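Welcome! Take a moment to look over the sequence and the fold, and then we will walk through a few places together.

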Amino acid sequence: MVFMIYLDNPATTKRKPLSVVTSLTKNTLLNSVNAGRGGHKYSIKGAKIVTDTADKLAKLFKISAPERIAFTQNATLALNMAINGILSQGGHAIVTSMEHNSVLRPVNKLGNYTVVYADNEGYVNPEDIKAAIKDDTKLIVCTHASNVSGSIQPIAEIGKIARANGLIFLVDAAQSAGTVDIDVDAMCIDLLAFSGHKSLLGPLGTGGLYVGERARLEPYITGGTGSLSKSLTQPLTLPDMLHSGTLNTPAIAALGRAVDFILKKGSSKILAHERLLAENLINRLDSIDGVSVLGGRDMNKRNGTVAFTVDGMPSEEVSRILAVQYDIATRGGWHCAYLAHKTLGTARHGAVRAGFSYYNSMYDVRALSYAISDIVKNLRAVHF
Amino acid sequence: MPQIYAEVGSITMATRLSKELSAQKIKAEVIHTPNSTSGCSYSVKTDEKYKDILTKYTARYKIKRIIKSDSDGFYDIS
């Protein structure tokens with residue numbers, strides 16, 4: 001069997017550590033249990049699995065109160081819980097043009113928000129965020145790393161502005177959790193939404209939300225929590241407030257193993273590996289006429305995601321050819337982040353996105369750059 | 001030795017409190033609280049001699065009450 005070169009890691013990392021796969025299989029067989037529902041040993045064991053994974057995530061994100069981490073199906077649900085939970089009684093939100101639709105659509109639905117545009121390399125100026133604060137502003141939302149350009153935002157500086165102005169700061173860490181350093185206290189993060197299945201290397205169907213002491217959330221989804229059953233109102237204790245319905249215990253167990261893997265390998269080492277591959281790819285693509293790489297060239301301000309365009313060819317078509325003729329998985333189009341493409345100058349045709357994970361190698365970089373060279377050569381042969 | 005139950009707000013807190021006690025070599029067990037007034041809650045069950053230690057953790061683990069169990073039934077002894 002020939003494996004496709006998989007570079008759609010910003011969507012989800014396809015390859016997971018063996019310990020994650022083993023844990024998911026084992027726990028599906030042995031612990032497909034409803035955590036914290038009833039007093040039997042499986043219920044109690046399930047709850048322990050959930051708590052253990054929260055403890056590991058707390059270590060990774062330097063969170064001192066792990067009980068303030070709730071598990072969700074993905075980052076989108078976590079972002080919806082945070083945005084709707086803070087703005088349920090009204091109030092203005094500030095978002096950036098680099099946000100994913102998982103932020104833009106919820107704030108747009110609520111209606112009272114300002115978009116702060118990043119520069120054409122995808123970087124937000126914290127002073128622009130400060131200038132957008134209004135009397136009724138309650139929330140600042142910023143992605144940590146762009147899912148299009150890989151640009152890493154100055155989160156700590158934005159966090160300080162939020163804190164100084166008494167605002168709640170929500171960070172979308174879908175593209176950074178597991179690789180880029182996150183310290184919720186040092187970065188003044190009140191709400192941290194993360195996916196478990198991307199750079200955290202956990203299984204699909206995992207994500208979470210950290211709720212800091214300053215964030216007073218209204219529950220977004222209500223239902224059974226296994227606690228306070230006589231009450232018709234949602235418990236306000238964390239994480240129960242955000243844990244309505246049955247948790248995906250086997251996947252949460254496997255996520256715990258993924259975090260073990262990252263803590264053992266070192267997130268900074270994983271990031272360095274991904275950056276090395278991304279830098280090499282950028283250098284190779286920069287040398288091909290007709291190919292433009294989006295974003296800046298300072299690798300300290302990027303993660304392992306590289307987006308690019310090929311003159312005269314729609315991004316979806318480039319991505320299709322890469323998949324069909326070269327067995328390379330990338331993603332063309334607008335990546336659920338049209339405003340980011342508008343910011344980066346690719347609103348019309350979108351871009352091709354390739355993202356590296358721990359399991360990619362220089363072989364993959366070479367294969368993609370040769371394929372792009374080939375595609376450009378063939379395009380010219382057709383045109384001239 | 002009579003048993004006591006520290007009733008907490010969530011199973012997460014019960015699990016964490018149990019972990020904390022186990023780290024101190026105190027035998028502790030997470031249980032579904034008997035006679036819960038709120039309807040479904042979790043408690044950490046341990047020997048009565050550890051009541052003072054449990055009390056120390058009231059704020060940290062949001063202990064709602066401490067219940068004693070003996071042959072006559074359950075009593076709130078918080």
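Leaving aside its neighbours within four places in sequence, which residues is Phe169(A) in contact with? They are Ile140(A), Ile158(A), Gly159(A), Ala162(A), Cys188(A), Ile189(A) and Asp190(A), where contact means that two C-beta atoms, placed from the backbone, lie within 7 Å.

A word on what you are viewing: this is a predicted model, in which local features need pLDDT of at least 70 and side-chain atom pairs count only at pLDDT 80 or more, while totals for chains, interfaces and linings use all residues. Residues are numbered from 1 along each chain as its sequence is written, and chains are lettered from A and ligands numbered from 1 in the order in which they are written.

Phe169(A) also belongs to the largest nonpolar core, which has 138 residues. Such a core is a set of buried Ala, Val, Leu, Ile, Met, Phe, Trp, Tyr and Cys residues joined through C-beta atoms within 7 Å; buried means 20 or more other C-beta atoms within 10 Å of a residue's own, exposed means 12 or fewer, and partly exposed is in between. Among the core residues with the most contacts inside it are Ile140(A) and Leu209(A). At least three core residues come from each of domain 1 (5-14 + 267-383) and domain 2 (18-265) of chain A, with bounds from an automatic or database domain assignment.

Now to the backbone. Leu201(A) has a positive phi of about 65 degrees, although it is not a glycine. Leu201(A) is buried, with 29 other C-beta atoms within 10 Å. Asp327(A), not a glycine either, has a positive phi of about 60 degrees, and Asp327(A) is partly exposed, with 14 other C-beta atoms within 10 Å. Finally, look for the cis peptide bond between Leu238(A) and Pro239(A), with omega about 0 degrees.
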